[in-house]
Amino acid sequence: MGSHSLPAPVTEAGREGLAALLARPERAVVALDFDGTLAPIVPDPERARAHPGAVPALARLAPHLASVVVITGRPADVAVRYGGFAGVAGLDRLVVLGHYGAERWDAATGTVSAPAPHPGVAAARAELPGLLDASGAWKDAAWPQSAPVEDKGGRAVAVHTRRAPDPQAAFEALRAPLAGLAERHGLVLEPGRLVLELRPPGMDKGVALAGHVRATGAGSVLYAGDDLGDLAAFAAVEELRPQGVPGLLVGSGSAEVTALAERADLVVDGPDGVVELLTALADELG
């Protein structure tokens, strides 16, 4: 053992998942969300960066595994840049699945592959300023400096309410209007931690994770996430277990998303705890 001890999962299924990973790491996939899991949540999403210990821990762990994959709602190239994942020794087989799997970046080639964007995203984006202005949620703030719209490379668009005068009230006030906007343009509305995202249907972190596990022929899987969008990946792991792929579900602890903590086999203390877990796994396998 190294200097970091492995925490014990609280469920039998989680203990089986961890045991399978440790017994056959060369057949294991470690899959991770980005924001709130590898990177601390910050008020301005453009200032999010990976925890300083994340890349060193992954670089030590990845050579022992079948695959490390980051699954995020962000554009793949943005996650790579904010994560500092490119050109790192030990991460030569890292994969980043952006836009919930619609985009794929491979460390081996350093390139992103993706289908054409959904036309509804641009149409919805064009309507957002008027809709947000009409909501009145930012009437006491420095509009548009606090404008919370995040354009995800034309493949999705997100509205963050952390910088509104009353973040939770703004979140609740915008749910119905944004749901209507999404429906008009053939999109789905995905709520998260003080963020509402409009994106094309048919892709989520569960679909992306299950596809990656099948493609790699993995014998076990660990998934770590922090938000409502990660519940689909949790469900994918739960479906893989009876198919002979043990799994460990890790919640990157947040008081904001209790549903995730209730489903997790192991809850850690946010990105700090995720990095400690990755380091402990590297210690154990090294």
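Across the interface of domain 1 and domain 2, three salt bridges are found (a side-chain nitrogen of Lys or Arg within 4 Å of a carboxyl oxygen of Asp or Glu). The model is predicted, so local features need pLDDT of at least 70 and side-chain atom pairs count only at pLDDT 80 or more, while totals for chains, interfaces and linings use all residues. Residues are numbered from 1 along each chain as its sequence is written, and side-chain values use heavy atoms, without hydrogens and water.

**Exercise 1.** State which residues make up each domain and how many residues each gives to the contact.

*Solution.* Step 1: the domain assignment (automatic or from a database) gives 12–115 + 203–285 as domain 1 and 119–199 as domain 2. Step 2: domain 1 gives 23 residues to the contact and domain 2 gives 14, where contact means heavy atoms within 4.5 Å.

**Exercise 2.** Find the distance between the closest N and O atoms of R74 and E150.

*Solution.* Step 1: R74 and E150 form a salt bridge. Step 2: their closest N and O atoms are 3.2 Å apart.

**Exercise 3.** Explain where the largest pocket lies relative to the two domains.

*Solution.* Step 1: a pocket is an open set of points on a 1 Å grid over the protein atoms alone, where a 1.4 Å probe fits, with protein on both sides within 12 Å along at least five of seven lines; lining residues have an atom within 4 Å of a point. Step 2: the lining of the largest pocket includes H99, Y100, R155 and A156. Step 3: because both domains give residues to this lining, the largest pocket lies between them.
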